[in-house]
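This note is meant for a colleague who is meeting the structure for the first time. The points below are numbered and may be read one by one.

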Amino acid sequence: METSYLGILSLIPVILTIGLAIKTKNVILSLGIGVFSGVLLQVGGNPITATTTMVGDYLFAQLQDSYNAGIIILLVFIGGFVTLIEQSGGAEAFAKKVAGLVNNRCKVQLAAWIGGILVFFSELGTPLIVGPVFSPLFEKLRVSKEKLAWIIDTTASPVCVLIPFIGWGVYSMGLIQEEFDALKITEITDWTAFISAIPFQFYPILCLVIVPLVAFSGREFSFMAKAEQNAQKGIFSQLDENAVKAPTMLTNNNVSPLVVIIPLLVLFVTLFGILAPLGFPVKQVPGSQFRIALISGYFYGAITMILMMAWYKVKTIKEGIRIYFKGYGKMFECIVILILAWSLSSVGKAIGTPDFIVNIAKGNIPSWSIPAIIFIVGALISFATGTSWGTFAIMMPIAIPMAFHLGAPLYVSIAAVLSGGLFGDHCSPISDTTILAATGSNCSLLDHVKTQFPYALLCASVSIVGYLFAGFFESVIVTIACIAAITIVYALAAKIWGIKVDNLTLADIEKIEE
């Protein structure tokens with residue numbers, strides 16, 4: 001594949017991709033046009049040659065790569081397993097067990113938070129499972145539906161982006177490895193990079209920290225304070241009339257939480273049983289072996305769940321197998337995005353996009369500021385497009401070469417891509433998780449967005465400062481400092497602009513209603 005350097009013209013594919021993603025909200029279309037425009041520049045403007053080159057030298061090439069093929073197969077197995085969990089009723093049964101332990105406002109918020117964290121396997125599973133289970137409890141204890149929507153939205157994508165062995169982690173590692181291969185980085189694996197970046201994913205970490213802070217303190221500010229005051233009076237936000245209804249989760253009172261717990265245990269036992277003899281987690285395990293272990297774990301976990309669904313008479317074995325294979329198809333869009341993202345990265349390198357950006361930045365942008373810049377740009381793109389995965393696909397091929405060539409901390413820069421891309425998925429009114437969080441909580445989408453945004457913006461602001469410091473010090477001390485900072489900043493905001501909401505118990509509510 002011939003390499004040519006086109007100077008400022010090499011930015012056209014990236015600019016087109018970002019611009020179209022923001023305008024059309026269609027990441028696949030935007031990535032596809034971005035790839036085609038880059039190939040068109042590479043071949044001198046001939047559209048026929050550009051089409052054949054794009055298909056043969058880029059799209060097919062990505063599918064023929066053994067690493068990429070392993071990632072795609074793993075994503076397919078994950079899709080089947082997650083779909084089984086969503087249809088098994090076991091996760092809902094587990095959430096109901098957690099919900100049964102609450103009797104006051106603080107406990108119900110913490111229970112929803114814990115339930116959201118434990119339903120870690122799917123960012124869409126959290127609002128569809130935790131939301132409907134806790135919605136009646138929040139209303140009974142006079143906690144606003146906006147608060148529930150915020151909690152389940154905050155324990156959806158912000159949890160998923162921190163976990164390496166589900167779809168989010170596998171997808172992100174696929175993007176990371178593509179850049180490592182291009183830069184000939186062999187001493188670090190995609191797994192090592194992802195794990196090392198976790199402590200620097202400030203935004204999702206702070207999102208998860210602020211929920212118990214709010215629950216324990218009982219202090220609210222901005223639009224959430226008004227929503228809580230209304231809830232105390234028995235006035236609750238209602239689902240928009242024209243809202244798309246969330247799919248109904250399977251309800252079966254005979255289903256045990258073990259339907260989910262045992263298959264997950266089988267998954268982890270298989271994973272560690274295969275990797276432990278290779279030295280994991282003490283020694284670094286080759287990426288191919290790790291993917292094989294994950295595929296095996298998800299496969300045996302799926303078999304276990306199909307059998308348990310039949311045992312509890314949720315679905316027959318035949319129906320379980322049908323659901324499992326249907327889950328394969330759910331990953332199609334994600335796989336297409338990943339293939340196009342790999343292709344865009346390859347095209348960019350072929351026409352010199354990373355080199356041009358690095359040369360422009362060199363001497364003009366201090367290396368310590370790069371993580372903060374990456375976070376801000378990613379946050380803006382993801383908020384405008386409503387997609388984190390699309391933002392990862394756009395930003396990772398820019399961020400890793402910049403960090404590598406300009407001396408910015410690599411793990412912090414990778415974390416900044418993931419955190420910045422997460423912001424939009426968490427807050428944008430056009431994000432699927434934002435919409436489903438409102439729907440699952442039986443809350444107006446507009447009410448959810450405006451009450452959540454101040455809290456999310458607080459976390460994002462502290463994250464930006466954190467990335468400025470992490471640009472100097474690649475240390476978990478910065479993470480600890482960010483957690484301390486969000487505690488102080490939230491306390492000040494709640495003290496100056498907020499209100500104190502009483503921690504009402506069920507007994508208190510009964511007296512009020514008498």
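**Notes on the predicted model**

1. At 35% relative accessibility, F299 counts as partly exposed, a class that lies between buried (under 20% relative accessible area) and exposed (over 50%), with a 1.4 Å probe and protein chains only. Y300 is likewise partly exposed, with a relative accessible area of 46%.

2. Some conventions apply throughout. This is a predicted model, in which local features need pLDDT of at least 70 and side-chain atom pairs count only at pLDDT 80 or more, while totals for chains, interfaces and linings use all residues. Residues are numbered from 1 along each chain as its sequence is written, and side-chain values use heavy atoms, with hydrogens and water left out.

3. Overall form. The protein chain has 25 helices and two strands; helices (H or I, at least four residues) and strands (E, at least two) are DSSP runs, numbered from the N terminus. Its radius of gyration is 23 Å, close to the 24 Å that the globule rule gives for 514 residues, so the chain is as compact as a globular protein of that length. The radius is taken over C-alpha atoms, and the globule rule is 2.2 Å times the number of residues to the power 0.38. Along the principal axes, the C-alpha atoms fill a box of roughly 80 × 55 × 50 Å. Of the 514 residues, 58% are buried.

4. Aromatic pairs. Rings of Phe, Tyr and Trp (its six-membered ring) pair if their centres lie within 6.5 Å; planes under 30 degrees apart count as stacked, over 60 as edge-to-face and the rest as tilted. The count by this rule is 23 aromatic pairs. The rings of F221 and Y455 have centres 4.7 Å apart and planes at 25 degrees, so this pair is stacked. F221 lies in strand β1 (residues 219-221) and Y455 in helix α23 (residues 445-470), so the pair ties together parts that are 234 residues apart in sequence. Both partners lie under the cut-off for burial: F221 has a relative accessible area of 7%, and Y455 has a relative accessibility of 1%.

5. What kind of pair do F299 and Y300 form? Their ring centres are 5.6 Å apart and their planes stand at 65 degrees, so the pair is edge-to-face. Ring pairs also link F299 and Y300 with F77, Y324, F325 and Y328 into a cluster.

6. The nonpolar patch. F299, Y300, I303, L307, I317, I321 and F325 form a nonpolar patch on the surface, with about 630 Å² of accessible area together. Patches are made of residues with over 30% relative accessible area and no salt bridge, like charges being joined within 9 Å and nonpolar side chains (Val, Leu, Ile, Met, Phe, Trp, Tyr) within 5 Å. Areas come from the Shrake-Rupley method with a 1.4 Å probe; for residues, only the protein chains shown count as cover. Helices α15 (287-311) and α16 (317-330) each supply at least two residues, and α15 gives the most, with four. I317, in helix α16, is partly exposed at 41% relative accessibility.

7. Salt bridges. A salt bridge is a side-chain nitrogen of Lys or Arg within 4 Å of a carboxyl oxygen of Asp or Glu, and seven are counted. E139 and K145 meet in one at 3.0 Å, N to O; E139 is partly exposed at 38%, whereas K145 is buried at 1%. K147 forms another with E220, the closest N and O atoms being 2.5 Å apart. K147 lies in helix α8 (residues 145-154) and E220 in strand β1, so the pair ties together parts that are 73 residues apart in sequence. K147 is buried at 0% relative accessibility, and E220 is buried at 1%.

8. Further charged contacts. D190 and R291 meet in a salt bridge of 3.9 Å, N to O. D190 is in helix α11 (residues 190-197) and R291 in helix α15, so parts that are 101 residues apart in sequence are tied together. Both of these residues are buried. Salt bridges that share partners join R105, K147, E220 and E228 into one network.

9. Cysteines. A search of the whole structure finds zero disulfides, a disulfide being a pair of cysteine sulfur atoms within 2.5 Å. For C106, the nearest cysteine sulfur is that of C459, 18 Å away. For C207, the nearest is also that of C459, at 4.3 Å. C106 is buried at 11% relative accessible area, and C207 is buried at 1%.
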